[in-house]
Amino acid sequence: MDLDGDIAATSFADLGYDSLALLEATARLQRELSIRLPDDAVLAVSTPGQLIDLVSSTRAGALS
């Protein structure tokens, strides 16, 4: 997989991510950023851009 360029709208499936890889990435984000991502929201994301938006909105809510 060529990861050069904008991959924000590329599906995780097209990037070779399966559900386990997404769960591992989510767990690491939660641990590294000290946030809690809702399970239903994580299951709804299908692209890196959507995951970034979820993390950003969760962090913004945690900082308020």
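This is a predicted model: local features need pLDDT of at least 70, side-chain atom pairs count only at pLDDT 80 or more; totals for chains, interfaces and linings use all residues.
Which residue caps the N-terminal end of helix 1? Residues are numbered from 1 along each chain as its sequence is written, and side-chain values use heavy atoms, with hydrogens and water left out.

View 1. Asp18 caps the N-terminal end of helix 1, with a side-chain oxygen 3.2 Å from the backbone nitrogen of Leu20. Helices are DSSP runs (H or I, at least four residues), numbered from the N terminus. After helix 1 comes Ser34, which has a positive phi near 55°.

View 2. Helix 1 consists of 15 residues and spans 21 Å from its first C-alpha to its last, close to the 21 Å expected at 1.5 Å a residue; the expected span is 1.5 Å times one less than the number of residues. Leu22, Thr26 and Gln30 are buried in this helix. They lie on the same side of helix 1, because they cover an arc of only 70° around the axis, the arc being that of the directions from the helix axis to the C-beta atoms. The face turned away from the buried side bears the exposed residues Leu20, Glu24, Arg28, Arg31 and Glu32. Buried means under 20% relative accessible area, exposed over 50%, and partly exposed in between (1.4 Å probe, protein chains only).

View 3. Thr26 belongs to helix 1, residues 19-33, and counts as buried at 4% relative accessibility. Apart from neighbours within four places in sequence, Thr26 is in contact (heavy atoms within 4.5 Å) with Leu37 and Val42.

**View 4. Phe12 and its contacts.** Phe12 is located in the segment before helix 1 and is buried, at 9% relative accessibility. Residues up to four places away in sequence not being counted, Phe12 touches Tyr17, Leu22, Val45, Ser46, Thr47, Pro48 and Leu51. The C-alpha atoms of Phe12 and Thr47 are separated by 5.4 Å, although these residues are 35 residues apart along the chain.

**View 5. The aromatic pair.** One aromatic pair is found in a search of the whole structure. Phe12 and Tyr17 form this tilted pair, at 5.4 Å centre to centre and 35° between the planes. Rings of Phe, Tyr and Trp (its six-membered ring) pair if their centres lie within 6.5 Å; planes under 30 degrees apart count as stacked, over 60 as edge-to-face and the rest as tilted. Tyr17 is partly exposed, at a relative accessible area of 38%, whereas Phe12 is buried.

Note on methods: Helices (H or I, at least four residues) and strands (E, at least two) are DSSP runs, numbered from the N terminus. A polar contact is a pair of N or O atoms within 3.5 Å; within protein, one must be able to donate a hydrogen and the other to accept it, and residues adjacent in sequence count only if both atoms are side-chain atoms.
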